[in-house]
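Here are my notes on the structure you sent over. Please read them with the coordinates open.

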Amino acid sequence: MASPRLDSEKVKDAQDELEMKVAKYSRGKGADLKALRDKKLKAQLTAREKLYDKSAKHAAMTDKWLMPTEGGFLEPENDLEKSYRFKQDDVLEEVDLLSSKKPFDMILPVLGPYTIEYTSNGRYMLVGGRKGHLAMMDMLSLNLIKEFQVRETVRDVTFLHHEQLYAVAQKKYPYIYDRHGTEIHCLKEHGKALKLQFLTKQFLLASINSFGQLHYQDVSTGEMVANYRTGLGRTDVMRVNPYNAVIGIGHAGGKVTMWKPTSVKPLVTMLCHHGPVTAVAFDRGGHLMATSGVDRKIKIWDLRKYEVVHSYAARAQSLDFSQRGLLACSNGSQVEIYRNMDGHDYKLYMKHRMMKGYQVGKVLFRPYEDILGIGHSMGLSSILVPGSGEPNFDTFIANPMETTKQKREREVHALLDKLPPETITLNPNMIATVRAPKKKEKKTKKEIEEEMEDAIEAAKNIERKKKTKGRSKPSKQAKKKEEDVFRAKRPFLEESKEIGGRPDKKQRVGEKVELPKALQRFAKKPQS
Amino acid sequence: MRVKVISRSTDDFTRERSQDLQKVFRNYDPGLRSQEKAVEYTRALNAAKLEKIFAKPFVGAMDGHIDAISCMAKNPNHLKAIFSGSMDGDICLWDIAARKTVCQFPGHQGAVRGLATSTDGDLLVSCGVDCTVRLWKVPMLKMVDTSDHTGDNSQACTGWIETYFLHQQSSHGSMHFLITFVLTAVRGVDHQWDGNLFATAGAQVDIWDPNRSEPINSFQWGNDTVLSLRFDPGECNILITSASDRSLTLYDLRTSSPARKLIMKTRCNSVCWNPREPMNFTAANEDTNCYSFDARKLDEAKIVHKGHVSAVVFRMDIDYSPTGREFVTGSYDRTVRIFNYFGDHSREIYHTKRMQRVFCVKYTYDGTYLVSGSDDTNLRLWKSKASEQLGVLLPRERKRQEYLDAVKERYKHLPEVKRIDRHRHLPKAIYNAAKLRRTMIEAENQKAERRRKHSTPGSMPVQPFRKRRIIKEVE
């Protein structure tokens with residue numbers, strides 16, 4: 001008796017799973033076609049919607065065959081065990097040999113706090129020490145590709161579209177280097193850049209400098225697309241939102257502003273903290289933002305409603321979201337990792353304490369691997385964080401095991417599909433939505449008449465103050481009443497004047513005098 | 001505690017030997033892809049631009065006639081062959097691939113008004129202003145199978161041409177085996193798709209059997225000349241004719257009487273059935289529009305296809321693609337337009353300085369090319385999809401092309417893509433004529449609106465556009 005019930009439960013579970021997967025692949029709800037009156041269009045769109053449903057279902061069904069690798073996890077066996085009690089050593093004992101070789105600790109005490117950066121496929125790592133030490137490593141084979149000294153302060157490093165080119169924010173200007181360490185470009189216009197970020201789909205290098213100026217430069221054509229003054233002073237907290245390519249900057253007043261290359265004013269200005277913002281991080285899914293401030297709070301915001309989802313009393317010097325939604329915070333020599341098991345409830349998942357005196361500067365999750373890279377004042381480390389990386393990569397998006405040919409092809413395709421900077425908006429799906437009709441519905445004549453009558457009634461019924469000393473004569477009261485009624489009628493009369501045809505002759509603006517061609521440049525240009 | 005970490009061994013993800021293909025892994029998770037719509041939009045824009053760059057529709061011209069070409073006929077069994085008849089009575093058989101004349105059929109005294117091939121491709125029927133209907137024997141095409149000759153296509157062609165020229169030289173004049181004289185000038189001819197019979201249009205509709213020298217049947221409804229006729233590809237006994245009394249008449253050969261008549265406001269010059277939906281047909285009208293009807297419901301046009309500008313004097317010819325998804329019209333305004341079967345404006349317009357009034361157009365039986373015959377004695381070969389790459393495409397190329405077409409379709413309505421996609425260079429005369437037409441139509445509409453506004457409500461009902469040009473349907 002038990003087995004058929006179990007079977008039906010299993011079937012139900014399988015169906016629920018399939019529905020969840022279909023929801024994942026279907027990219028939002030279908031369009032509402034009931035409002036359409038055009039039958040031909042309606043028929044065409046229904047056919048299309050059916051195709052979308054079919055393809056989402058197909059993708060959900062083939063899901064399990066296409067994913068060769070399984071994700072990582074760290075699960076305590078009973079309620080007494082807490083996942084954050086497990087240290088790295090415990091984890092290393094339990095894991096297989098290949099993975100236990102991955103975490104490392106590089107002690108480089110001389111050359112200052114280190115900042116790290118990974119390529120989008122997680123294969124190459126770029127390391128920049130404050131005192132000018134630059135190194136690029138292939139993490140798959142743990143080879144050092146190039147190491148050199150620039151003998152200048154290095155504030156930030158970032159890869160461009162692949163590991164052959166990277167940008168380094170040095171003492172006076174950012175420079176672009178080749179994988180051999182050859183200096184390719186010196187970007188003088190950016191000025192003293194404090195932070196660099198690369199927008200991959202648009203090929204834009206964004207930088208914020210010590211004057212609080214934001215520069216966008218297209219690295220494929222070399223054109224400076226935009227430079228804006230944020231107006232809020234010097235800041236070095238800048239992050240790009242991978243979901244919509246919007247740059248989020250945290251300011252000293254506690255504000256977080258979001259910028260796009262085509263507007264002078266920020267898209268959004270949020271007051272997040274009571275003091276300076278110390279770190280900003282964006283979730284890959286595009287709807288979460290984590291900020292931390294000097295006021296000892298870490299806040300997680302919902303970017304659709306711009307509301308706080310969660311607020312923790314903790315300090316964080318740097319924040320990062322992983323591909324699977326884990327949040328890493330660094331504070332002094334301690335790194336804490338939070339995870340949301342269900343919904344947006346972020347709970348402590350893992351902790352890692354480094355040697356006392358190591359000040360962690362930057363935490364960064366490595367894409368497609370369960371590894372967190374830590375750049376600190378005495379060098380760099382990396383630790384294992386089970387369940388943080390996406391186990392299955394797509395060869396055409398990011399391939400950790402890329403060959404040279406594949407890399408070249410990817411570069412060419414990325415350049416062909418390069419998005420113009422105008423495509424950056426808060427909602428990247430806006431292009432597929434329907435614009436609301438601009439014109440207000442014209443009121444019918446009856447409605448206008450009714451409104452006029454209502455207005456007249458209201459005007460007649462208002463209480464007028466009775467004046468004393470013989471100034472409230474009935475004739476004067478009647479006159480006042482008439483004036484009120486006329487005033488109530490006037491807007492309706494003006495409207496009808498326009499409907500009738502040509503507007504009033506007096507209202508017509510003087511016709512433009514046709515200037516001779518030679519004088520046309522002195523004519524006032526019409527306001528567009 | 002249970003722990004597991006992602007561990008990938010490079011062996012599983014890289015190929016074993018250099019002769020192997022690279023391994024490809026896919027994860028269709030939308031979370032991995034950001035700004036998808038913007039990327040698609042950029043691709044659509046680039047695809048539209050590339051399409052314009054590669055749009056070279058004109059393939060070649062075939063000259064050989066010495067007078068204007070008045071009609072053409074396709075041979076259902078041979079893809080490369082097309083017959084053309086001219087205003088001085090010459091009929092030519094062309095090889096489209098080589099763009100050369102294969103065979104000539106001289107004999108008509110006046111203009112050849114109609115050409116039709118029989119179902120098996122053996123017989124060519126021609127009719128003309130000299131009141132004759134002639135039957136010609138089409139030379140047997142010894143189509144050498146190209147698989148026997150390893151890849152030597154050109155040899156096969158020349159082989160075919162040689163047999164023809166030999167035939168001609170040896171027996172000149174034995175091409176046609178039947179000349180029939182009729183009372184009046186014959187305006188059009190068409191052959192049944194499945195049977196043996198053919199019909200001619202003159203003062204009345206005559207049904208002929210190729211073995212008899214007299215029409216086996218004659219239909220008439222009214223006293224006006226019949227201008228053109230077509231047999232239905234699906235129902236081989238149904239025939240539609242257009243007459244000079246502004247009517248379209250449906251005949252059924254089995255009942256031996258006309259079935260239905262539709263009277264319009266202006267005359268229809270040419271009719272064509274949709275080969276994939278044989279109940280629908282499209283009629284090319286004098287008021288420069290094409291009307292698509294459902295033969296079962298003639299009181300309302302299904303779609304009105306607008307686009308041509310010229311007030312047509314002679315003919316506007318129309319032909320459907322074998323896919324049934326689009327049709328081509330050639331008109332007196334020196335342009336050839338391709339319409340979608342449900343589209344109300346033309347998808348494509350072809351014109352050349354040298355091409356004068358287009359009298360006839362035909363789609364080839366594979367749907368890739370169209371042939372137009374015009375006043376300047378040339379037959380022109382055009383591609384139906386102007387930017388299509390001809391020849392054998394690799395599967396990857398084909399897939400990419402399909403993807404680009406699909407992504408362009410999706411964003412076609414957005415202003416930037418629409419502007420590029422719709423842009424066509426028109427000759428000045430046609431551009432100005434189109435502008436003039438638009439202002440005229442707008443003025444007419446405004447006047448009608450004003451009249452309606454100032455008359456008692458309900459006395460001037462709004463007539464749907466599809467019904468506007470129809471007067472009535474008669475049984």
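Predicted model: local features only at pLDDT ≥ 70, side-chain atom pairs only at ≥ 80, totals over all residues.

1. Totals for chains and interfaces use all residues, whereas local features need pLDDT of at least 70.

2. Extent of the interface. Together the two chains bury about 4,800 Å². Carbon and sulfur atoms account for 57% of that area. On the side of chain A, the most area is lost to chain B by A:Arg27, A:Met401 and A:Ile431. These residues together make up 12% of what that side buries.

3. Polar links. The interface of chain A and chain B holds 6 salt bridges. There are also 23 residue pairs in polar contact across it, with both residues at pLDDT 80 or more.

4. Where the chain A side comes from.

5. Strand pairing between chains. Look at strand 1 of chain A. It pairs with strand 1 (residues 2-4) of chain B. The sense is antiparallel, over 3 bridges. Within this pairing, A:Glu75 stands opposite B:Arg2. A:Glu75 also forms a salt bridge with B:Arg2. The closest N and O atoms of that salt bridge are 2.4 Å apart. This one residue pair is therefore worth checking by eye: a salt bridge here requires a side-chain nitrogen of Lys or Arg within 4 Å of a carboxyl oxygen of Asp or Glu.

6. A sheet in chain A. Chain A also has an open sheet of 4 strands, in the order 3-4-5-6. Its pairing is antiparallel. Which strands lie at the edges? They are strand 3 (114-118) and strand 6 (143-149), each pairing on one side only. On average, neighbouring strands of this sheet are turned by 15° against each other, direction ignored.

7. Strand 3 of chain A runs antiparallel to strand 4 (residues 124-129) of chain A, joined by 5 bridges. One bridge partner pair is A:Tyr118 with A:Met125, the latter in strand 4.

Methods: Residues numbered from 1 in each chain as written. Chains lettered and ligands numbered in written order. Heavy atoms only, no water. Buried area = accessible area lost by both parts, 1.4 Å probe. Polar contact = N/O pair within 3.5 Å; in protein donor to acceptor, adjacent residues only side chain to side chain. Pairing = 2+ DSSP bridges. Helix = DSSP H or I, 4+ residues; strand = E, 2+ residues; numbered from the N terminus. Axes fitted to C-alpha atoms, helices over the stretch in contact; angles between N-to-C directions.
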